[in-house]
Amino acid sequence: MDLEIVFTVVKDKPVCLICNEAVAVFKEYNISRHFTSKHKNSNYEAMSEYERKQNVESLCKKLSDRQNFFKKVNTIQEAATHASYIVAYNIAKNNKALSDGEFVKQCMLQVCDVLCPGKKNNFQTVSLSRKTVTSRIEAIDKNLTSQLESKIDQFKFCSIAMDESTDINDTAQLALFIRGVDENFEITEELECMRSLKGTTKGCDIFREFQEGLLTLKVPITNICNITTDGAPNITGKKSGFLGLLNQNYPGNNVVFLHCVIHQDALCKFALNMTPVLDAVVKLVNTIRSRGLTHRQFRYFLQSVTLSIYSEYSDVLYYTKVRWLSAGCVFERVWQLKDDIVSFFHEKQCSAECEMLEDTEWLSDFAFFTDLLCHMNNLNVKMQGKNQFIDDIWAHLKAFKLKLNLFTGQLAKNDLSHFSRLNSIPSVNEEKLKNYEDGLKKLHFEFERRFQDFSAIQTELDIFTMPFNVNCEAVRSDLQLELIELQSNNHLKQSFLNMPKLEFYKSLSKVSFPNLILTPRKSVLCLLHHIYVNKCFQL
């Protein structure tokens, strides 16, 4: 009689199908002893071979059913736990109240009653109490922090963007964003930390929190190649500011300090003397929107004019100073609706409210600034978004400065090709055009002045952007020989033209170009947009 057929293997151990006991060793002697001592008086030996096979199949099925039952319970519990983490993650991501988990579960159960009533018990096992959601979010936070620490450990270089701002509770918060690259040119960009400044916000306070933030995630100061700030005195001060304290405590560091590019772009417009026009437009918008009855009547008037409540321009926009694109958007909207605004106030017999929109002199100023701010907004939008490198940003800035020169020359010739709104004004006198020309020159000078910091990294930008066109004699000595080798290789030149820049630098031999590979690693990090910092504060 073959006793082995009465046994099966479960987790590398022989298990008896009759009593479900495990035998220590899968040997004939052990199996025989177990069967003789436990099942000798059973009717197994009296069965025919066919009956034995049927009995063994039945026993195997029973054992499998018991095992699958426990597996099913474990699988359902694991799925319920996974679902609980998903809901908790979305609650935290969308900044919802922790108690919303119970509301979500209630909705899930009601939906389950309609779609799959038989699965309601599975949904009941999903734990979404306030306490559970809190613990889930804390666990997710620890996991994400651990992942970020492991990535930071692989960084060859990193860049920091920092800003200090006050939240709704009047507590100063210092936000630090980190952007790093490993030796395979994989870029990681995350919020490193947010430190609360309970007392003063002096340079020493910011420097202390900066150090503690780096220490928390074990960021080596030697790996930092760039720090981008908002240009505030407590940060950029060369003695008691953050910049000065960093240089004093870490002498010889090669950190490049930059003022946020998008912030500077927004500040450049203050070189223009558009306060009278801006004040008049803001007053007009406030006249319409700050009075409930007037606002309702204006929107109804626009609906009756456009014959559609879904008109592209169904209302005027408020001006918000902290929004970089706000002035241009407000000007453009008022310009689009200027005829309707005039008709509305005439109908209400309040012509004084909109008399500037019928003044050709003021209207020409308004048209000029609207056109110019639209050009600046286009530049601002181009510089926003992830995965942009500093050479891309610098290219947009250089292009805009060339555009300003073009605009200045064209205005001198009374050519308004790129100022369509100004061109729609029946007659603009030469004195006005001269003032606009002077305004463009001031704006160009402001761009030149504010972006002088780029001259310090221009050579590295050129190497990263166009290594095959760089003069080898003008670069550092440790790069000269490698650049000559690179520029003499036609195969690499063809690859550079046909591949994305990062992919090209990934493909370079670390043996042949060890120093040259370091330059693009720094260049891809040399700017981290300050817009992410402002999103963090929800400005």
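## Helices, salt bridges and a buried histidine

Helix α12 (residues 326-347) bends by about 60° at Leu-337. The bend is the angle between axes fitted to the seven residues ending there and the seven starting there. Helices (H or I, at least four residues) and strands (E, at least two) are DSSP runs, numbered from the N terminus. Gln-349 follows α12 and has a positive phi, near 60°.

This is a predicted model: local features need pLDDT of at least 70, side-chain atom pairs count only at pLDDT 80 or more, and totals for chains, interfaces and linings use all residues. Residues are numbered from 1 along each chain as its sequence is written, and side-chain values use heavy atoms, with hydrogens and water left out.

The structure holds 20 salt bridges. Each is a side-chain nitrogen of Lys or Arg within 4 Å of a carboxyl oxygen of Asp or Glu. Among them are these:

| Pair | N to O distance |
|---|---|
| Glu-437 and Lys-441 | 3.6 Å |
| Arg-450 and Glu-446 | 3.0 Å |
| Asp-478 and Arg-476 | 3.2 Å |

Glu-437 and Lys-441 are four residues apart in helix α16 (residues 430-450), so about one helical turn separates them. Glu-437 is buried at 10% relative accessible area; Lys-441 is partly exposed at 41%. Buried means under 20% relative accessible area, exposed over 50%, partly exposed in between (1.4 Å probe, protein chains only). Arg-195, Asp-205, Arg-208, Glu-209 and Glu-212 are linked in a salt-bridge network.

His-259 lies in strand β7 (residues 256-259). His-259 counts as buried, at 15% relative accessibility. Its side chain reaches the backbone oxygen of Asp-230 at 2.9 Å.

Note on methods: Polar contact = N/O pair within 3.5 Å; in protein donor to acceptor, adjacent residues only side chain to side chain.
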